[in-house]
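Thanks for coming, everyone. Please have a look at the model on the screen, and then I'll walk you through it.

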2 protein chains.
Amino acid sequence: MSAFNKNSARLRDEERARLIWLLTTDKAIISTLLGKLTLAEQYDVGTLADDIAEVGALVAHLPPPDLADTLEALPSEERHALWRLVQNEKRGNVLLEASENVWDDLIDEMSDRELLDALQYLDIDEQIYLVQHLPRNLTGRLLATLPAEERARVRQVLHYEKNRVGAIMEFEVITVRPDVTLEVVQRYLRRLGRMPENTDKLFVTDRNKVLVGELTLTCILLNDVQRKVSEVMEDDPLTFSPEDIAENAARTFERDNLVSAAVVDPAGKLMGRLTIDEIVDVVYEETDTDLRRMGGLSAEEDVFAPVTKAVKTRWAWLAINLCTAFIASRVIDGFEHTISQLVALASLMPIVAGIGGNTGNQTITMIVRALALQNIQPGNLTFLILREMGVALVNGLVWGGIMGGITWWLYDDMALGGVMTLAMMLNLLMAALMGVIIPMTMVKLGRDPAVGSSVMITAITDTGGFFIFLGLATLFLM
Amino acid sequence: MSAFNKNSARLRDEERARLIWLLTTDKAIISTLLGKLTLAEQYDVGTLADDIAEVGALVAHLPPPDLADTLEALPSEERHALWRLVQNEKRGNVLLEASENVWDDLIDEMSDRELLDALQYLDIDEQIYLVQHLPRNLTGRLLATLPAEERARVRQVLHYEKNRVGAIMEFEVITVRPDVTLEVVQRYLRRLGRMPENTDKLFVTDRNKVLVGELTLTCILLNDVQRKVSEVMEDDPLTFSPEDIAENAARTFERDNLVSAAVVDPAGKLMGRLTIDEIVDVVYEETDTDLRRMGGLSAEEDVFAPVTKAVKTRWAWLAINLCTAFIASRVIDGFEHTISQLVALASLMPIVAGIGGNTGNQTITMIVRALALQNIQPGNLTFLILREMGVALVNGLVWGGIMGGITWWLYDDMALGGVMTLAMMLNLLMAALMGVIIPMTMVKLGRDPAVGSSVMITAITDTGGFFIFLGLATLFLM
């Protein structure tokens, strides 16, 4: 690392890794920090004191977002130890950047009063966000600290659902009138002395607070100072409604490369603005949640949660999985007589079920993603089903044929090979069909297509695969 | 929709849906647009002409990003028809916003010359991006059109790998000197007349092009015009190296809420900048790819690719799945004698294998995600393994116990119930252990932990589950 790059991104990655390493490799550091043992009670005091000093220096140097990430990478006890070292001024910002998973641990030892003190370093939008989401109800106490006028606006934000634009919008915006010159705007800005974070544009409103245009900072700087706002502003800006779904807004931000955008009510009145940093968080959260849900994980589980919490968040999926496996097992049991006459069926049946599950999951993953990207519309559903069935048919013929041949050769039984081929083909077709129908039906029912799709398709391809294979065997081989 | 929100995000979503609906529900529109049939040859000419006029109006009205999304939501023939309607000036931008999956279709009928013509409406960074990624080699032809000085810079970008910051950075930047006043900067900007998209800051460099600070537009507007750049600039800005991994840079952007950041060489010289719009694309692509890979899908497959392409991109995973299923089937075959004596084993064994697969996949999903978030460091690996084993032990005792009880009751065989409980517990422990070890080992070997992890864990829990269960049955029940 050259001396010039004193603040390179890589250097900070290294500092974070070093901090985690220090906190997780030597239990003595943690017990000292938590006050369980004094420095003098421990051996190798020299190294330990050095390490603790280094921990302190790193905590003081790293900015809040990096501290938040570090906290997420630590088991509970180490988290507590680190959190104690974070100065009060930084704590609000660290909370803001940390994910919900670690909040419990962090605010564990803090009183309501201390928490509100830590929040006071944040701006009002950020305070509201935390107060709404922290696992402790502070809304009332926060509202009490605010002037009456702000309280009304806060109440307004609080009434939108979590996944709506209204809940993530900020109401700190700078507005200007259309009939002033850029020089006046510049003087006004200098008098204000600061702009909210991620301000790339001002909003132009009329006397009734109705949005009439947007004025980018670029525009202010590129145009002659004598020109009027109305001459240089964008007069048909893209706007959001507070009722819009946050994930859709994120797609629009990506599509149009926006940094901020106005949120207006149905009458066109400016209510606030959305900014790219909220949006990036929405994107990470959305894709993260999809991934976890497809894998049957709860969104709340964090990788360092204690065993008890992990058991609690996962038990439902395991129970569902056990139920479906049990049903599949009852199907096999129904063919006990067939299996006892031809034990080879017992070893071949997992192949039929497995390949169906694989294909079904491929199809579902693709459909869930396409739904999230709004790529699927009623008009192209038939095409999709036909395509997936076509793919399944080709794969069924090819791989079913190969497995049929191998079965014939292994057991010297042509009929068994034929049953194998036919069963694989039918199960693949069913997997493809259900792989499209399940997520589409869940959308129709107004549910999230990612939740449980994978479990359902596996249940169907297992149960169906066993039934098809053993049923065909009973028909043709007995 | 109120008359005020003439450009609301929701309205554009509706227009896109309408366009897709028009193009996919009436084949006559497509055959007319592709020139296969003339208008006069078709029945109900009035409606058809109206529909075609509406398609034309929508294509003319929708901005390039929306057109790109619409193209992605169409089967191949419809894509061609729509692409023909897009004006040449918009085509470059549409290509830029479209994903790799649809490029083949789009540039199918265009000559190299036409393609380069369409690209000329883009700025040089965008041209390079497309020329590098389009499935046709145009690099040489593009380089030939550039002045010598630019050619050297382009060559520099071309030499970085696709997943590096160097490959996605832009080199259109505005630089200023530290010793001038803000008034001079403002005059300079007005003379320039334009700024590159997503410019939220200028870069301050010395005589040798070494980055000495950053000057935000906000800072220019908030400070007195008589002040010097060096007095108001941020003098310790966050920088990236062109060799940094793009996904890590994306995390830093999210962490620090950046809109743009400087890319510098090891000597501190300014090379270019990274912007949030590239980063948002990286985030979507990264999480998308993870999701697809875990599901055993290739990143290149798009939901409307023809059957042949889908078969081609999926065959490898199916083959691997068949191989592992075949191995599992051979394990069962080895216990043929045991099964023929106790057919109940055949119906119970999928339960043991299934629950192991479920737990293993939960663990892997969590670890892959934590690795992507850089949450796992050598120091906390032991903690993780112990935690997952603990979760597995608890689940094994609870659910294994329940299933053992049910088995005992169903088959009136206490020993069989005991074997069931023990087998489930052992398979869950193995699943948890391998669920941590597999992705961690892949990272150690320098491979992507998301690729194939799910297939490997399922193979292990299936084969292992069958072996453990049937092996225990042979030991204790025969």
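Start at residues 417-438 of chain A. The chain there is 100% helix and 0% strand. Helices here are DSSP runs of H or I with at least four residues, strands are runs of E with at least two, and both are numbered from the N terminus.

Before I go on, the ground rules. This is a predicted model, where local features need pLDDT of at least 70 and side-chain atom pairs count only at pLDDT 80 or more, while totals for chains, interfaces and linings use all residues. Residues are numbered from 1 along each chain as its sequence is written, chains are lettered from A and ligands numbered from 1 in the order in which they are written, and side-chain values use heavy atoms, with hydrogens and water left out.

Back to chain A. Residues 391-411 are also 100% helix and 0% strand, with end C-alpha atoms 29 Å apart. What does the UniProt record say about these stretches? Its unreviewed entry annotates "transmembrane region" over residues 391-411, 417-438 and 450-477 of chain A. Such annotations may be inferred rather than shown by experiment; the positions are in the numbering used here, and feature names are shortened.

Now the domains. Chain A has domain 1 (7-157), domain 2 (173-293) and domain 3 (313-475). The bounds come from an automatic or database domain assignment. Between domain 2 of chain A and domain 3 of chain A, the C-alpha centres are 49 Å apart.

How do the two chains relate? The same surface serves both copies, as 100% of the contact residues of chain A recur in chain B. Contact means heavy atoms within 4.5 Å.

Next, a sheet. Chain A has an open sheet of 3 strands, in the order E1-E2-E3, with mixed pairing. Strands E1 (175-176) and E3 (211-216) of chain A are at the edges; each has a single partner strand, so one side of each lacks a neighbour in the sheet. Strand E2 (residues 201-205) of chain A pairs with E3(A) in the antiparallel sense, over 5 bridges. Pairing takes at least two DSSP bridges between the strands. Leu202(A) has Leu215(A) as its bridge partner in E3(A).

Last topic: salt bridges (a side-chain nitrogen of Lys or Arg within 4 Å of a carboxyl oxygen of Asp or Glu). Over all chains, the structure holds 28. One of them joins the side chains of Asp66(A) and Arg16(A), at 3.0 Å from N to O. Asp66(A) is in helix H4 (residues 64-72) of chain A and Arg16(A) in helix H1 (residues 9-25) of chain A, so the pair ties together parts 50 residues apart in sequence.

Are these two buried or exposed? Asp66(A) is buried, at 0% relative accessibility. Arg16(A) is buried too, at 4%. Buried means under 20% relative accessible area, exposed over 50%, and partly exposed in between, with a 1.4 Å probe and protein chains only.

Over in chain B, Asp66(B) forms a salt bridge with Arg16(B), the closest N and O atoms being 3.0 Å apart. Salt bridges that share partners also join Arg12(A), Asp13(A), Arg16(A), Asp66(A) and Asp256(B) into one network.
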